Amino acid sequence: MDFASLAAQLNTEVILPELIVTATLLLVVVGDLIVGRAASSKWTPYVSIAGLLAAVGSLYFLWDKPNPISFLGSFNGDNLSIVFRGIIALSAAVTILMSIRYVEQSATSLAEYLTILLTATLGGMFLSGADELVMIFVSLETLSISSYLLTGYTKRDPRSNEAALKYLLIGASSSAIFLYGLSLLYGLSGGQTNLNDIASSITTAGLGQSIAVVIALVFAIAGIAFKIAAVPFHQWTPDVYEGSPTPVVAFLSVGSKAAGFALATRLLVTAFPYLTEQWHFVLTALAILSMILGNVVALAQTSMKRLLAYSSIGQAGFVMIGLVIGTDAGYSSMIFYLLVYLFMNLGAFTGVILFSLRTGTDQISEYSGLYQKDPLLTLGLSICLLSLGGIPPLAGFFGKLYLFWAGWQAGAYGLVLLGLITSVISIYYYIRVVKMMVVKEPQEMSDAVLNYPEIRWNLPGMRPLQVGLILSLIATSIAGILSNPLFTLSNESVTKTPMLQATVKPEKPVAVMKKSNESAQVSMKF
Amino acid sequence: MSTNFPWLTTITLLPLVASLLIPVLPDKYGKTVRWYSLAVGLIDFALIVYAFWYHYDFQNPDFQLVETYAWLPQLGLNWTLAVDGISMPLVLLASLVTTLSMLAGWQVTYKPRLFYFLMLAMYSAQIGVFCAQDILLFFLMWELELVPVYILISIWGGPKRLYAATKFILYTAIGSIFILVAALAMAFYGGNVTFDMRELGMKDYSLTFELLVYAALIIAYGVKLPIFPLHTWLPDAHGEASAPVSMILAGVLLKMGGYAIIRMNVEMLTDAHFYFAPVLAILGVVNIVYGALVSFAQRNLKRRMAYSSVSHMGFVLLGIASYTELGLSGAVLQMISHGLIAAALFYLSGVTYERTHTLMLDKMGGLGRSMPTVFALFTIASMASLALPGMSGFVGELAVFIGFATSDSYTSAFKLVVVLLSAVGLILTPMYLLSMLREMFYGKENTEFRGVPLLDARPREVFVTACLLIPIIGIGLYPKLFTQTYDVKTVQVASHARMAVSTVAQQPLQLFSEVSQAPALNSVTSGEFLGIVK
Amino acid sequence: MLQLQFFLLLAAALFCIGIYGLITSRNAVRVLMSIELMLNAVNLNLMAFSNYLDPQTVKGQVFTTFVIAIAAAEAAVGLAIVLAIYRNRDTVDMEQFNLLKW
């Protein structure tokens, strides 16, 4: 096989966005080495953002590509992966906006931070399209290891150290378990590593219901549930969220979680079609536990970051509703929710970072009376939190509406009811923060707010934060009302993805009460 | 202008769009914002009156000024607005009361931007609730009003405002779960998925399903209306909110519950209404008597009026349950009339509070001497509330009574008990209202007010009250002027409901045979259904 | 000739030992070592499968190479973090890491 035909077989342009991110990454590393730390911090963040946006832009040209399989079946750049890659790259771009000031204030190198963040993004993007066991493992670990590094990035802060260690130990052990599941899959399929081949070999071998496959499934789900922080694999989340640098948390809660959902969708749908009932059942249980535990425990939190940690667990539960019902509308509602979740959660984190940069605290009680001193921050944070709670006409309302709509359509009445009840609980704790900021009288102001520094957007690194806050504020307010394009996007990403179409459940007509016929007959006898 | 102009969209969205400008308005002393908001309110009111006057046919029972735009076709969510005889008067009421409450909040100097922003946002939400003909849109508008009310109560309210606001939001949010569930259930029932209320009304649901949905909706709207066991948020919320917010709460928000019951439970779930109507009638009586009795025991002025609202909304339930044109028309009239009266009473109590700085009846007394105009206005409003002939309250309650008494759907024993008990409530109303007036205005001036200048009502305050009292008296003197604007619709609804009764009543009780399939129930014919329904 | 099952059983045993060490160790470095054990169990699994089921394309062996490389990276990062925490806290005892609610 000569080089040219091999290159043609690789179908390299499918990973063009990842190539752009890689180039950006190298540019940042090399540029930092050449011009030095102080000079490079002026331009590296903007180069990274430009690179990520260019990657998102290039995704547009890959939409509906007739032949999305590249690298001999390792990577599948179908529409589903494109949406997820877009979400991850965008979340990284917004994360950079909010990191600049934060990293500089912690007196660490910005370029190195960006390098690691871009690597994590790269891992996440590859994971979204990974169609082969080795590829899945390598990209998953790229994402995870760089996340550990990011978590411990403020290395002089013992809390950050501790968070990193906990994250690393739990993360590494969960990926070891996940890997064990993968190795079983490899063996059971008689030496296949491509997900489609695995499924077909296992089916032909008649091992579809064997105990070993079930063990593989359970191990795989354990790894995935760790990544998306579903209960009971969530224990790391609050600690890591509280200890890590806040921008990193923002990325973990959106980008890394989206990558986890991409992995879940692809792995479970492609490799386990013969166990659909079982994995739906397990994920339903996880969704129920996540919704209940995440939203209920969030009620008792006093730290804003822990509150958002538990809220993100609950939100993951909502998203899983879309995954488990397994209809077209279900998958597309999952994607739609992740899209709006991107804006609203990153907006909330931008607000939290801004507040902690100015006052140095994350305690919810310290937010009281903020409206008097900083109306813009109050507005941004309030809108994003209310949107997370699902208050119309904000984006989150439409996201939840779509999820529940799809759930009801598929007949998952119990899940929808539970989702509704827990989202009412979530309104309570989100509005508690809003109340702190808006309602408190001037004399009830906290010390942090009393000593609030003068708002100066012209400090280095503050302008990007402002841009990030306003962008996510606008997106959160508008994305719901003008959500038609987003709806179309998420619908098309599902309907034009062959993998999902092959396994999608026929949309069953809503249960008509069969009894009415019988009882009509009964009553006729009378 | 042509009738193709999207009147209802304009009316609904104008306040919301206008409210978005408030944060950027130049405003030094908090004056520009209030003039601006008042102007927006007035323009919107004028638009409503204009649109209804020129483009609304009062003799047509169908939906008018219909507008439909696809919003999210993927969900089947349409921006469908329309008004008919039930919603049209309520849109007018909402607009009038909200505009007046902005005028009433003239002296809000604390965070005025936020106050008027929320007021305008709520304005839109209220109109939207009454106009929406897509059940998802209705739900959206219903939820939209949640956070503004929460913040309005919790910033500008009384000492226990945070508790009251939290209670309000939890009750309403939990209630609205049921709306969404019912909406989804109805929309996905049968083959075609639709959220349009008219099409939902035409679907042929099975009886069990209809009963379940009816129960879910009655819980959701019962929180809002409020119906007896679900009312506990109301005295807190109304008692703690500031006067302008109480005006809207009592004047408009309660009517959203009554409106929704007529619109959905009666119009769309007619068969189930047959089974629930006696329950509604009983709950209505409980509301009337319980509200009046508890009101009697309240020492806080606003809480007393809040319970009086509970009592008065019982008549709406009774009217809805009556199955007669007159009863239903009375229910609508009672909603309008209570909206005006309650707004006036809450406003006047706010006026009093501004001077005395207390709401406790024990601490008041002898105010009549120094505040004669307030005294007079308060007396007129109370008279209207206790249903003095010549006032709208009298007409509304009388119509409900006659409507219920002439209803042929109930046994005469049941009617007798219901009418008798609600008559007891009617007697209790003057007792607590007059004793309230006595404690406030008569007697010797309380010593605590010595040195406090108790100024009489200012022209603005008289104006606000007059705007509410004039329609009250107008309706009271010549109710036909008003009822004829919507009568055709209530007649249609009532006859539709009665038609369903006759078909449902012919059948053996499928409800039980469907649940238990016990053939023994065959002997129970609808004729003596629980001895209540004929 | 040895059967495939023996290798799988050995791998499973190794994996269980790894999990046992993960749960009981108090020293952070020992926890890291336990994770390495688990990864090695996976390697053994993969090699066994590759030898017995897939001797032509040896995908399992390729996979193993990747796993070894990544395990090394993970260990490097892990040890770096342990080092950082040792500098700040003078201990690597897991029980002492209680700044965050566990």
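Q: How many salt bridges are counted between chain B and chain A?

A: Happy to start there! This is a predicted model, and the count between chain B and chain A is 1 salt bridge. To read such a feature, look for the two partners and the gap between their atoms. Here B:Arg161 pairs with A:Glu441, and the closest N and O atoms are 2.7 Å apart.

Q: How many residues of chain B and chain A are in contact, and what area is buried between them?

A: By residues, 43 from chain B are in contact with 41 from chain A. By area, about 4200 Å² is buried between the two chains, with carbon and sulfur atoms giving 76% of it. Within chain B, the residues that lose the most area to chain A are B:Gln74, B:Leu75 and B:Phe188, together 16% of what that side buries.

Q: What does the contact between chain C and chain A look like in residues and buried area?

A: Chain C brings 40 residues to the contact and chain A brings 44. The buried area is about 3700 Å², and carbon and sulfur atoms give 76% of that. The rule finds 1 salt bridge across this interface: C:Arg89 with A:Glu162, whose closest N and O atoms are 3.3 Å apart. There are also 6 residue pairs in polar contact. On the chain C side, α1 (4-24), α2 (28-53) and α3 (59-89) each give two or more residues, and α3(C) gives the most, with 16 residues. By class, this side of chain C divides into 29 nonpolar, 6 polar and 5 charged residues.

Q: How many aromatic pairs does the structure hold?

A: For ring pairs, check the distance between centres and the angle between planes. Over all chains there are 57 aromatic pairs. One of them, A:Tyr167 with A:Phe226, is tilted, at 6.1 Å centre to centre and 35° between the planes. This pair links distant parts of the chain, 59 residues apart: A:Tyr167 sits in helix α7 (residues 158-188) of chain A and A:Phe226 in helix α9 (residues 211-227) of chain A. Both residues are buried. For another arrangement, see B:Trp71 and B:Trp79, an edge-to-face pair at 5.9 Å centre to centre with 75° between the planes.

Q: Why does B:Trp71 count as buried?

A: Compare its relative accessibility with the cut-off for buried, which is under 20%. B:Trp71 counts as buried because its relative accessibility is 14%. B:Trp79 also counts as buried, at 11%.

Q: Where is A:Ser200, and what does its side chain reach?

A: To place a residue, find its element, then its contacts. A:Ser200 lies in helix α8 (residues 195-204) of chain A. Its side chain reaches the backbone oxygen of A:Asp197 at 3.0 Å. With a relative accessible area of 40%, A:Ser200 is partly exposed.

Key: Residues are numbered from 1 along each chain as its sequence is written. Chains are lettered from A and ligands numbered from 1 in the order in which they are written. This is a predicted model: local features need pLDDT of at least 70, side-chain atom pairs count only at pLDDT 80 or more; totals for chains, interfaces and linings use all residues. Side-chain values use heavy atoms; hydrogens and water are left out. Contact means heavy atoms within 4.5 Å. Buried area is the accessible area (1.4 Å probe) that two parts lose on being put together, summed over both. A salt bridge is a side-chain nitrogen of Lys or Arg within 4 Å of a carboxyl oxygen of Asp or Glu. Helices (H or I, at least four residues) and strands (E, at least two) are DSSP runs, numbered from the N terminus. Buried means under 20% relative accessible area, exposed over 50%, partly exposed in between (1.4 Å probe, protein chains only). A polar contact is a pair of N or O atoms within 3.5 Å; within protein, one must be able to donate a hydrogen and the other to accept it, and residues adjacent in sequence count only if both atoms are side-chain atoms. Rings of Phe, Tyr and Trp (its six-membered ring) pair if their centres lie within 6.5 Å; planes under 30 degrees apart count as stacked, over 60 as edge-to-face and the rest as tilted. Ala, Val, Leu, Ile, Met, Phe, Trp, Tyr, Cys and Pro count as nonpolar, Asp, Glu, Lys and Arg as charged, and the others, Gly among them, as polar.
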